[in-house]
Amino acid sequence: MKKVQITETVLRDANQSLMATRLPYSDFEGILSEMDKAGYYSVECWGGATFDSCLRYLGEDPWERLRNIKKAMPNTKLQMLLRGQNLLGYKHYHDDVVEKFVELSVKNGIDIIRIFDALNDFRNIETALKAVKTYSKKYNRHVIASGCISYTQSPVHTVEKYVEMCKKLKEMGFETICLKDMAGTMSPYEAENLIKGIKAEIGDMPVILHTHCTTGMAYMTITKAIEAGVDVIDCATSCFSNGTSQPSTETMFYALQQYGIDCGLSEDVINKVNDYFKPIKQKYVDSGRINAKSMATDAQALVYKVPGGMLSNMIANLTDMKAMDKFDAALAEIPAVRKDLGYPPLVTPLSQMVGNQAVTNVLLGERYKQISKEVQNYFKGEYGIAPAPVNKDLEKKILEKAGMDAPIDCRIEDSKRTGEDFAKAKEALGDLAKTEEDIMSFICYPDQTRKFLEDRKAKEENVCKYVIEEA
Ligand code: CO
């Protein structure tokens, strides 16, 4: 019997897409042991924005959350999303920091690390991959490194190009490949051609499809991908599915059943999971945390090839500047800017960079009269290699201004590995830091972590006082 497995995303991507990652541990703690019996391929529960959100908004230690989930779900593979050399932040970290982060993730219970780079510059995911192998061995666990491709559409992003990328990921030593369609713009036939092309080249290496329902394409796209031989699909329990989230787990379960495809899930358990989350979802709908807009279908991304989040960002910026009359012109400028940058996938941080530059060009009535610092750094090579050649005149102008002959040809970290980050962070935290995990949180999010650790210390001191008084 043909098999297609399902990754459940309610704890990470559905939570992130529908409610800005504000689901506290206490809201889902009660269902974890049941979820452990469902038979998912994996549960995506960590990484992405969960780390930042725990420290910044929820007053939770992200590492403790991971350990708790692991304890409650010993039989399920726990999965995280990692932005390669950016880890869970927005800048490039040094190799020793990336290695330590991966080590601590493995040590605290992660089983699958899905690693991607916004530009698909695989030099930026190599350190993390090697670290997964090293620490799998050290902690005597089989942790799967999944090589992830940021999917986009452009004249240079052909099926052949994606197949090449997959071959490269296989050569590098990844165990599975994930196609990540963050904007939900992959169409059914694109999925079919892609999966067929990839499967023909990389043989029995598992291929995973990650998409979003944002534009309304996802169910059709997934269906075609299944027909073409995809191995794993990402879904979310139905009350946390659709809109900007993933397709529904139960819906796919019933559809696959009629296809005669076994997805290994327990019908009873996945329905219980949905029943558990229903009142939780209602609570956040009532509080306004889950917005009607994120639950709806928005097909604009299919027209403009611009992700929904990027459009709403542009609208907000133009409204602030009282320049909404320039919206159409700015939208029309995006393809030109994207071409000049060599067709980067429009995912964070590239989506903001391209959008802001298009707005600037239109507002000043002249292309590149002002160039943002980020776009200048991009041309200097600091983000990695662009998918296609960039605009050479623009590159020359930027490099001349920076006194450079050519863009840097190595990763920006290669000349800067210092080993200092840890020592400095440890010193800065003093007795606030109790573990290596505390120090790592501080390196990733200094301000939020300091505040979190200070609050933790104050709480502990209060408890001590109470115990002494009681005695
Ligand atoms: Co996603």
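A residue counts as buried here when its relative accessible area is under 20%. Hi everyone, with that cut-off in hand, let's look at this predicted model. Of the 471 residues in the protein chain, 57% are buried.

Let me start with the overall build. The protein chain holds 22 helices and eight strands. Its radius of gyration is 23 Å, close to the 23 Å that the globule rule gives for 471 residues, so the chain is as compact as a globular protein of that length. If you draw a box along the principal axes, the C-alpha atoms fill roughly 75 × 60 × 50 Å.

How do the contacts run along the chain? Taking those with a separation of 6 or more, 75% are between residues 24 or more positions apart.

Finally, the metal site. Which protein atoms are the donors of the cobalt ion? They are OD of Asp13, NE2 of His210 and NE2 of His212, lying 2.1 Å from the ion. Along the chain, these donors follow the spacing D-x196-H-x1-H. Asp13 and His212 link distant parts of the chain, 199 residues apart. Asp13 sits in helix H1, residues 10-19, while His212 is in the loop between strand E7 (207-211) and helix H10 (218-227). And to come back to our opening term, both Asp13 and His212 are buried.

Note on methods:
Residues are numbered from 1 along each chain as its sequence is written. This is a predicted model: local features need pLDDT of at least 70, side-chain atom pairs count only at pLDDT 80 or more; totals for chains, interfaces and linings use all residues. Side-chain values use heavy atoms; hydrogens and water are left out. Donors are N, O and S atoms within 2.8 Å of the metal (3.2 Å for Na, K and Ca); water is not among the atoms, so sites may look incomplete. Helices (H or I, at least four residues) and strands (E, at least two) are DSSP runs, numbered from the N terminus. Buried means under 20% relative accessible area, exposed over 50%, partly exposed in between (1.4 Å probe, protein chains only). The radius of gyration is taken over C-alpha atoms; the globule rule is 2.2 Å times the number of residues to the power 0.38. Contact means heavy atoms within 4.5 Å.
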